[in-house]
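Visitor: I would like to learn how to read a structure like this one. Where do we start?

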Amino acid sequence: MLGKYLPLVWGSLLRKKTRTAFTLLSLAAAFLLIGLLQAVNSVLAGGADFLGANRLITQAKISFTTPLPMRLMPQIEAIPGVEHVGHSQFFGGVYQDPKNFFPQFAVNPQRLRDTYPEWTMPEDQWRSFISTQDGAIVGKILADKYGWKVGDIVPLNSFIWTQKDGSRVWQWRVVGIFSGRDREWSDRANLMYLNYGQFDEARVPQARGLAGVFVVRVKNPMDSGRIAAAIDGKFENSADETKTQSEQEFQLGFLKQLGDIGFIVNAISGAVFFTILILTGYTMSQAVRERIPELAVLKCLGFTDRTVLALVLAESFLLCFLGALAGLLLASAVTGALPPEYPIRTDGRVWLFALASTAALATVVGLPPAWHAMRIRIVDALAGR
Amino acid sequence: MSAGDALFPLIEIRRLRKSYVRGKQVLEVLHGIDLDIPEGDFVALMGPSGSGKTTLLNLIGGIDSPTGGELKVEGRRIDELSGNALAAWRAETVGFIFQSYNLMPVLSAQKNVELPLLLTDMDAGERRRRAAIALDLVGIGDRAGHKPNELSGGQQQRVAIARALVSDPRILICDEPTGDLDRKTADEVLTLLQRLNRDFGKTIVMVTHDPKAAEYARRTVHLDKGTLVDGSGH
């Protein structure tokens with residue numbers, strides 16, 4: 001029924017092709033940004049979700065930058081349902097140049113293998129990693145990027161850890177190159193694991209015996225929530241209170257350390273929305289002002305005031321939804337191309353938010369000119385008054 | 001035999017007044033007009049600028065409301081109709097032809113002619129068919145796919161006439177329909193209007209400054225300072 005008016009609405013949009021094209025581009029750019037920002041927000045707002053998590057991260061309750069003593073590890077291992085426990089310390093090194101940064105973690109090799117069976121490597125390289133005090137294994141993506149092979153010595157300049165002799169440059173021997181058991185994990189193989197043996201022995205004495213976080217692999221993912229609560233309960237009111245969360249939630253914690261990301265994201269989204277509202281509102285008002293006589297002619301032909309109002313509103317909705325759709329499809333393409341370690345996706349929540357925003361935008365920018373069009377007096381408009 | 005003698009009054013105007021408020025001043029443009037226009041008539045409204053001829057035309061076309069008096073079309077008081085009812089009445093009863101054509105520049109001739117049919121329940125095929133017939137009738141069927149800026153002034157006015165005709169209204173309201181055209185093209189358009197009046201029985205009310213254009217009408221009504229000076233009849 002309404003489709004019969006589409007050529008008229010579409011034709012009105014194409015009246016000034018350049019202006020419409022630029023407005024659509026602006027809308028697309030704005031909704032690309034809103035889509036991406038809300039995708040980040042959606043992840044941050046997701047909250048802790050233990051369901052299906054087979055790996056938990058236990059960190060100090062104060063902050064993940066505060067280390068925990070190694071003596072906690074056997075107590076965690078003793079909790080029913082825990083299968084393996086590993087530990088990991090962020091190393092924070094750069095290779096040759098500060099721009100050559102990639103994640104490195106000092107780990108116990110055997111415990112890494114137990115807690116992360118998703119990493120695959122030849123058996124002799126695993127054995128070599130376990131037995132080589134200054135050994136390191138590198139993800140295949142990193143090895144390919146820097147041309148490393150087994151036997152190479154890789155110096156890393158840590159911006160966190162100092163050796164006993166005061167040096168910040170640590171030499172690591174590449175003893176293995178690992179990949180993932182499937183495509184998803186292979187895409188994540190862009191990090192480096194260092195043998196905790198050398199790391200702990202060479203660092204300043206007061207830092208020894210400490211772990212950054214504990215990695216807890218559970219037998220049954222459905223027990224994750226209970227086990228996390230049990231771990232934190234065990235160390236409650238002790239000097240080393242813990243916070244245990246799913247691996248994904250822990251990774252998001254890094255982002256949240258930067259500040260109230262949700263607020264920042266919403267503030268930027270709001271500013272973008274306001275800007276595009278002003279721009280599109282001006283365009284719509286201008287477009288209607290230029291066509292006052294044409295709208296008066298439609299009324300002459302018998303179009304009612306409400307039909308004219310609906311036509312202008314429809315034009316606003318078509319413009320806004322086309323621009324928003326282009327922007328959101330772009331945002332989906334961008335987030336879809338991100339590697340798996342960035343769990344940012346333009347999911348249903350993002351689309352719903354964006355569509356609601358678009359409807360609000362179209363109404364706010366379309367209603368004033370539509371109201372004006374509805375109130376046009378035919379004789380005044382035809383006389384150019 | 002004139003149309004006025006042979007046919008019953010389609011449009012009956014009694015003591016029709018129209019005032020405008022301009023600032024603090026009330027300006028009366030029409031002072032109690034009485035006029036009958038029978039069905040099938042072709043009336044030219046003439047008069048100097050400011051005489052009220054366009055105001056009278058707008059009132060007859062139902063795009064303006066009188067301040068007083070009565071205006072009946074087919075026996076129905078259109079001066080008492082509400083906005084929506086008046087819009088529906090216009091869609092059904094009146095076709096408008098303007099001096100500056102007033103076509104939608106973004107639509108083809110065909111789509112322009114289809115516009116009044118959007119207000120009906122006709123399907124797209126029927127709308128296309130009727131628009132094509134109307135365009136053929138005004139002799140411009142071969143230009144159906146062209147946009148207004150691809151047509152000459154005379155061709156645009158023919159499209160406007162086809163648009164006015166397509167819903168088969170009883171009355172055609174023409175406001176200086178040849179004002180923007182050269183003499184030859186104007187004569188062609190006026191001949192077309194005359195044909196629509198004679199062959200298809202359309203009642204035409206036309207405002208014009210041009211005495212030659214008025215010669216195409218069955219009769220001429222002169223207005224001066226808001227009153228009829230001659231030619232009225234009921």
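This is a predicted model: local features need pLDDT of at least 70, side-chain atom pairs count only at pLDDT 80 or more; totals for chains, interfaces and linings use all residues.

Visitor: Which residues make the contact of H11(A) and H14(A)?

Guide: From H11(A), the contributors include Phe273(A), Ile276(A), Leu277(A) and Met284(A). From H14(A), they include Leu361(A), Val364(A), Val365(A), Pro368(A) and Pro369(A). Sorted by class, the contact of H11(A) with H14(A) has 11 nonpolar residues, 6 polar and no charged.

Visitor: At what angle do H1(A) and H13(A) pack?

Guide: The angle between H1(A) and helix H13 (residues 305-336) of chain A is about 65°, and their axes are 9 Å apart. This crossing, of H1(A) and H13(A), is right-handed. H1(A) brings Leu8(A), Val9(A), Ser12(A) and Leu13(A) to the contact, while H13(A) brings Leu311(A), Ala314(A), Glu315(A), Leu318(A) and Leu319(A). By class, the contact of H1(A) with H13(A) divides into 7 nonpolar, 1 polar and 1 charged.

Visitor: And how do H13(A) and H14(A) cross?

Guide: The axes of H13(A) and H14(A) come within 8 Å, with a crossing angle of roughly 150°. The crossing of H13(A) and H14(A) is right-handed. Where these helices, H13(A) and H14(A), meet, the contact has 20 nonpolar, 3 polar and 1 charged residues.

Visitor: Let us step back to whole chains. How many helices and strands are there in chain A?

Guide: Chain A has 15 helices and 13 strands. The chain is divided into domain 1 (2-46 + 260-382) and domain 2 (62-240). Note that domain 1 is given as two stretches of the chain, 2-46 and 260-382. The C-alpha centres of domain 1 and domain 2 of chain A lie 49 Å apart.

Visitor: What radius of gyration does chain A have, and what would a compact globule of 385 residues have?

Guide: Chain A has 30 Å, whereas a compact globule of 385 residues would have a radius near 21 Å. The box filled by the C-alpha atoms of chain A, taken along the principal axes, is roughly 95 × 45 × 35 Å.

Visitor: What does chain B contain?

Guide: Chain B has 8 helices and 10 strands. Its radius of gyration is 17 Å, close to the 17 Å that the globule rule gives for 234 residues, so chain B is as compact as a globular protein of that length. The C-alpha trace of chain B spans about 45 × 40 × 40 Å along its principal axes.

Visitor: How many residues of chain A are in contact with chain B?

Guide: On the side of chain A there are 19 residues, in contact with 21 residues of chain B. Helix H1 (6-13), helix H12 (292-301) and helix H15 (378-382) of chain A each supply at least two residues of the side of chain A that touches chain B. The largest share, 6 residues, comes from H12(A). By class, this side of chain A has 10 nonpolar, 4 polar and 5 charged residues.

Definitions and conventions:
Residues are numbered from 1 along each chain as its sequence is written. Chains are lettered from A and ligands numbered from 1 in the order in which they are written. Two residues are in contact if their C-beta atoms, placed from the backbone, lie within 7 Å. Helices (H or I, at least four residues) and strands (E, at least two) are DSSP runs, numbered from the N terminus. Ala, Val, Leu, Ile, Met, Phe, Trp, Tyr, Cys and Pro count as nonpolar, Asp, Glu, Lys and Arg as charged, and the others, Gly among them, as polar. Domain bounds come from an automatic or database domain assignment. The radius of gyration is taken over C-alpha atoms; the globule rule is 2.2 Å times the number of residues to the power 0.38. Axes are lines fitted to C-alpha atoms, for helices over the stretch in contact, and angles run from 0 to 180 degrees between N-to-C directions. A crossing is left-handed if the near helix is turned anticlockwise from the far one by less than a right angle, and right-handed if clockwise.
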